[in-house]
Amino acid sequence: MKWLVVASLLWAIGADDAPVAAAASKAKPHILFILADDLGWANIGYHRTSTETADEKQGALEVQTPHINQLVKEGVALERHYSYRICGPARAALLSGRLAPRVLVKNVAVTASNPEDPVSGFAGIPRNMTGMGEKVRAGGYRTHYTGKWDAGMATPQHTPYGRGFDTSLMYYQHANDMWNKKTGIQATGEITTCLNAFHDLMIENDTYRGPYKGASLTDSCKNSEERAPHCYEEKIFEDHSLEIIKNHDASDPEHPLFLFHAFHLLHTPLQVPKYYFEKIEKDVIQQGGKAFDSENRRLLMAMTKYMDDTIKNLTEAFKAKGMWNNTLLVFTTDNGGPIYEPGSSNNYPLRGGKYSDFEGGVRTATFISGGYIPEARRGKVHNGIVSVADWYSIFSELAGVEPHDNKADVANKWLAKKGLTQLSKAEGKKGQLEAILHNKAGPRDNEPLFLSANAILDYPYKLVTGKQPYMAHTGPTYPNCSTVASMTSGHGPDFIDFSVLEKKIDLGDSFYWRGDCGRGCLFNVEEDPSESKDLSQDPDQQERVTRMINTLAEFNRTLFMPERGETNVEACYSAMLNGGGHFGPFVDIEGYYTDKPRVMDNLTEHEKTQMALMGAMTFKGVREAMQKQAGNVVLKMLEKFSDKCCESQTCNGDNDMNLPDAIAFIKNLTQRERPEQQDNLI
């Protein structure tokens, strides 16, 4: 197969060099990288210090992260850490060391492929970019990945294992159901080419690569009163990471631990054990606060508390192994919190949220901690500009390897000959960690930062251009009953990225609280962190506005926009047969999966029907009818059931919106549209 011969050869030839001399004389630290998902600026305790108003006091009581707060006191808060406005590109930037606009500008379906480009013709990080895991492993680290991946899946080289992680337990897509681990509409926010049919939970190591088959692949414990029921996905991830820490050989300083723990929390669907849902409200009331008026806000705060407890357990495991004194802990989130329903995060007092270029969408809660932090810097704040892409270079330096990507250089020679889009260079800034640890000016402090095709930061000024969703300021207690009323009456904030079979459905500006900055809104984010005062019309700022517009235009010439291809039903068939009903690689997979592939005779009648209906979506008439009818049904249900006002409705924590099952919906539709085709669809 052409892909296998060409791309695999490129991937192998470009292997990175052996490690160079270590950057520091002291022993390489263990690294615990913790990545939250969709964490809002105000959904973490150390950002809730203002209690001047009653709502601020209430909000501070609701955000219960005592263990995180203590880690910040023992570490350094990075208050000018910037990421990207959505998760897939942010994670690609983090794991590849490129700014997001130069590696992935938008979310792409994991089932997409373009046979004409075996390097970049897929979702996620291009195949021949060296991953963070590869870099630190070259420096001697034992590398392990737990949790959400969302950085590519198409080939074995796209997976955590292919990117240099010795082991992984993870899911590939933006989200799955935290109880049943499936990819239903409520989890993914879309009706997919694979009709939301599959599980998404995989294991990779030297002896097994394939679907998770543990006893916890069930939602049987969903109604348990236990603190951490065994089938809750975050419990599975926590146990996995704790086992890695327990089994690590701490007596071998040449092979320190690199553990990447990527939470599903706080991404939708908003699901949490009953214990936490009940406890969070009791704790707030006992401390003098009021009961929650939004069910989603209560769920999110319960999930936040669960995350905080998990972090406590992980750090205590490092201490129990005697590793903490030489550990660097990094905590961040992929993007700002989503303020649409049902995302329900809060970025107060910052403006906007996920999907927008305002501070609430791209400025992320980040800190470092652990015994590796010099005592003189503990409890301090670093205000230098740090990009999510910088961690690649920071960890390369700690591992004693060069951050330069030799593998990409080799691929670029081949890509140039073929006339295909070439790969960008790793661009994290050297010296960033030294600046943070020793209170020095950072390497990004005096140069513009490319945030997106629509935004640039030239600190302290920031330019935001074009149409932007969620151009709003939320209050200290958001969402609330007013938010629910707005949503149910058709005034948003709706989820802007809902799609049916890759077709985006746009309801109009008002539904997404979308405004227009036109050629540019200008803010001084140091003096005006909430971006309330647009300076773009100030006569004294016209030269700056023009200069920043021109700089953004120059940056946009470097946007990485290869043709990534269309979604392919063959990827769905591969998930059914090769992945055992789980998402996984579908291109050049020879030798990847441990288990033999299933054949049609191995499938249940239901699975055969699922495959037939996936095939039905290749017919234009059926596809268009599905896009039209299903979109209307789901969006109406989302507006009606996304959240509850607890002042007038019963809030029990079960936020199942009863969205239609994609398979059942399509089965009825295809029987009406093309009954004669049902026997010949696959």
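Which residue forms a salt bridge with Asp150? I looked it up: the partner is Lys148, with the closest N and O atoms 3.9 Å apart. I take a salt bridge as a side-chain nitrogen of Lys or Arg within 4 Å of a carboxyl oxygen of Asp or Glu.

Ground rules for these entries. The model is predicted, so I note that local features need pLDDT of at least 70 and side-chain atom pairs pLDDT 80 or more, while totals for chains, interfaces and linings use all residues. Residues are numbered from 1 along each chain as its sequence is written, and side-chain values use heavy atoms, without hydrogens or water.

Entry: salt bridges. I find 37 salt bridges by this rule. I checked burial next (buried is under 20% relative accessible area, exposed over 50%, partly exposed in between, with a 1.4 Å probe and protein chains only). Asp150 has 7% relative accessibility and therefore counts as buried. Lys148 has a relative accessible area of 0%, so Lys148 is buried too.

I then turned to Glu427 and Arg102. Their side chains meet in a salt bridge at 2.6 Å, N to O. The pair links distant parts of the chain, 325 residues apart. Glu427 sits in the loop between α12 (406-418) and α13 (432-437), and Arg102 in the loop between α4 (87-96) and β4 (112-113). I note that both are buried. Helices here are DSSP runs of H or I with at least four residues, strands are runs of E with at least two, and both are numbered from the N terminus.

Glu316 and Lys312 gave me another salt bridge, 3.3 Å from N to O. Both lie in helix α9, 4 residues apart, about one turn of the helix. Glu316 counts as partly exposed because its relative accessibility is 39%. Lys312, at 27%, is therefore partly exposed as well. I also traced a network: salt bridges that share partners join Asp37, Arg91, Lys148, Asp150 and Asp334.

Entry: helix packing. At what angle do α7 and α9 pack? I read about 10° for α7 (residues 233-247) and α9 (residues 295-320), with the axes 9 Å apart. Axes are lines fitted to C-alpha atoms, for helices over the stretch in contact, and angles run from 0 to 180 degrees between N-to-C directions. The two helices are therefore roughly parallel (angles under 35 degrees). Contact means heavy atoms within 4.5 Å. On α7 I list Glu234, Lys235, Glu238, Ser241, Leu242 and Ile245; on α9, Tyr306, Thr310, Asn313, Leu314, Ala317 and Phe318.

Entry: strands. I count two strands as paired if DSSP finds at least two bridges between them. β15 (residues 449-452) and β16 (residues 455-458) pair in the antiparallel sense over 3 bridges. A hairpin joins them through 2 residues. Phe450 has Ile456 in β16 as its bridge partner. β16 pairs in turn with β17 (residues 461-464), antiparallel over 4 bridges. That hairpin also runs through 2 residues. Asp458 has Tyr461 in β17 as its bridge partner.

I found an open sheet of 3 strands in the order β7-β19-β20, with mixed pairing. β7 (190-191) and β20 (503-504) stand at the edges with a single partner strand each, so one side of each lacks a neighbour in the sheet. β7 and β19 (residues 499-500) pair in the parallel sense over 2 bridges. Glu190 stands opposite Ser499 in β19.

Entry: Gly371. I placed Gly371 in the loop between β12 (367-369) and β13 (380-382). Gly371 touches Trp324, Asn325, Thr327 and Arg378, not counting residues up to four places away in sequence.

Methods. Parallel < 35°, antiparallel > 145°, perpendicular 65-115°, else oblique.
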